[in-house]
Amino acid sequence: MLSVKNLKVEIAGIEVLRNVSFTLEAGKATVLIGRNGAGKTTTLRAIMGLLPSKGGSVQIDGSELMTQPAYARAGLGIGYAPEDRRLISDFSVEENILVPALALKMPMAERRRKLDEIFTLLPQLTTLRSRPGGGVSGGQGKIVALGRALMVAEKVLLLDEPFQGLAPALALEYARTLATLHDKKRDIAILVTESSPNLLKAIAEQTLHIERGALHDVVV
Amino acid sequence: MVSTLIPLFVDALANAAIIFFVAFGLTLAFSVLRVLNVAHGSLYSIGAYVAASFGLWIISAGLNPWLTFPALLLSAAFVAALFGPLIEMTLVRWTYGRGEAVQILVTFALFLILEDLQRLVFGVSSLYADTPMALLGISEIGGIIYLNYQLLLIAIAAVALFGTRLFIRHTRTGRLLAVVVADREVSEAMGINTRRIFTLAFTLGVFLAALGGAMATPTMGVAPGLGADTMVLAFAVAAIGGLGQIEGAALAAIIVALVRVLAIYYVPELDAVAPYIVMLLVLLVRPYGLFGKPPVRRI
């Protein structure tokens, strides 16, 4: 579904991604594991077109993403939740989730259907709907960012370190939510980055290890 | 006492309305593009020149003089449509990500070009096109005489302020604009074509500057150098209000205009520096302006 081939990224002349290649399949969850600074966030940002890449290709169902502007990703069915949540603080939680729908001019009926689906998948959000984005806790914010990504994630869902900074109980809850999501939405490919593999063991069908900007088959 | 103060107050508000439009455009474009457009004042004076020329043409062609009112609006729209997309898509777009010094140099160069362009097109002698003000006349309320045109200016500024709030709050484009202001990168990731929003915001900024210039023409002569004066004043107002703050710009415009009018009345020698004294005092106490918030540091 989504294939990354020889992706290269340089920041200030230093190679931070070296020939990264992998494939995400529909209905499968992939975990990208690596230490801080190994290149996990950079990989996701490069796929999203938020960083200029030095070479390589990213294709979704055979069509090249690297030649398209960053904003085209959402319309192609790629949902992304950045590591630091990045909610709009003076928009309500529901408005935050609806931002991609607004950007893509989604018809009202579809908007409502997706919103219902998201609230069913993430029941924690129901009581937060009208709370401002700046007024939810870090853990709640992660769920909101997940909901916002689901608004467009018809094909691929990219989650950047969703467990980072979560209290153990919340992390467990998030992992359970992710497992449910994985069960119910069998048509989307999920990529989650993480620094430790423990929480995602249950759902990961593919595990990738990244170190100093390159993928390794075996844990070093 | 009251009978002298009230006309001063109305005068100040009418001036504030004009400055507000220019500072509003500056602050709007800045909050979306993060580029401080030094040439913004030139677009104000171009708006003034186009409106004055158009107004004078309407009169000399023997058309209905009331047509000079829609001519003010049309002139601003014309300047915005001509210069907004052109400048943003070429010069300003080139400066994105190149640092503030480059942005200021490039827009300053643009300012110099536009100033000379105006001399080339409109000449150096002053234009006077006060038909709209003459048509509206005066009203006398409680023994105090008001220029109706000034009251109209104040009303239009108020409508623009509240209209913008409604636009940002209740339209799709307005909402997307707010998202881009809050977080550019997330906007892209969520499917917003930020380039289009940039062009739109910049053009809207040009429109507001040109509208300020057009609406000022009936109250003054249009002459070279107008752009530079207005630019510095609009920048002071935007800084006092807090860069990116629309309500802040409105309040700051009123404060600056009031201080200026009071200075002219009581200490005329301080007329020119009064706005900057206010700016200095405000920024000493609140470095991000009256409504500005210091950037949140994320850990």
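Which residues of helix 4 of chain B are buried? I went through the helix, keeping in mind that this is a predicted model, and found B:Q103, B:T107, B:L110, B:F111, B:E115 and B:Q118. The spacing made me think of the helical repeat: an α-helix has 3.6 residues a turn, so residues three or four places apart point the same way.

Next I looked up what covers these buried residues, and the list includes helix 2 (40–60), helix 3 (68–95) and helix 10 (226–241) of chain B. I also checked the length of helix 4 of chain B, which runs over residues 100–122. Its 23 residues reach 32 Å from first C-alpha to last, close to the 33 Å expected at 1.5 Å a residue. Just after the helix, I noted that B:G123 takes a positive phi of about 80°.

Then I moved to chain A and its open sheet. Four strands form it in the order 2-1-4-5, with antiparallel pairing. Strand 2 (14–24) and strand 5 (63–64) of chain A stand at the edges with a single partner strand each, so one side of each has no neighbour in the sheet. I followed strand 1 (residues 2–11) of chain A and counted seven bridges to strand 2 of chain A. Within that pair, A:I11 stands opposite A:I14. Helix 1 (residues 40–47) of chain A packs on this sheet, touching strand 1, strand 2 and strand 4 (55–60) of chain A. The helix direction makes about 70° with that of strand 2 of chain A.

My next stop was strand 7 (residues 156–159) of chain A. A:V156 and A:L158 point one way, A:L157 and A:L159 the other, and all are buried. Strand 7 of chain A runs parallel to strand 6 (residues 78–81) of chain A, with four bridges between them, and A:L157 is the bridge partner of A:G79. Four bridges also join strand 7 to strand 8 (residues 189–194) of chain A, again in parallel; there I found A:L158 partnered with A:L191.

Last, how many residues of chain A are in contact with chain B? I found 18, against 16 residues of chain B. Helix 2 (72–75) and helix 3 (93–103) of chain A are the elements giving two or more residues to that side. Helix 3 of chain A gives the most, with four. By type, the residues on this side of chain A divide into 14 nonpolar, one polar and three charged.

Terms used:
Residues numbered from 1 in each chain as written. Chains lettered and ligands numbered in written order. Predicted model: local features only at pLDDT ≥ 70, side-chain atom pairs only at ≥ 80, totals over all residues. Pairing = 2+ DSSP bridges. Contact = placed C-beta atoms within 7 Å. Axes fitted to C-alpha atoms, helices over the stretch in contact; angles between N-to-C directions. Nonpolar A, V, L, I, M, F, W, Y, C, P; charged D, E, K, R; others polar. Expected span 1.5 Å × (residues − 1). Buried ≥ 20, exposed ≤ 12 C-beta atoms within 10 Å, placed from the backbone.
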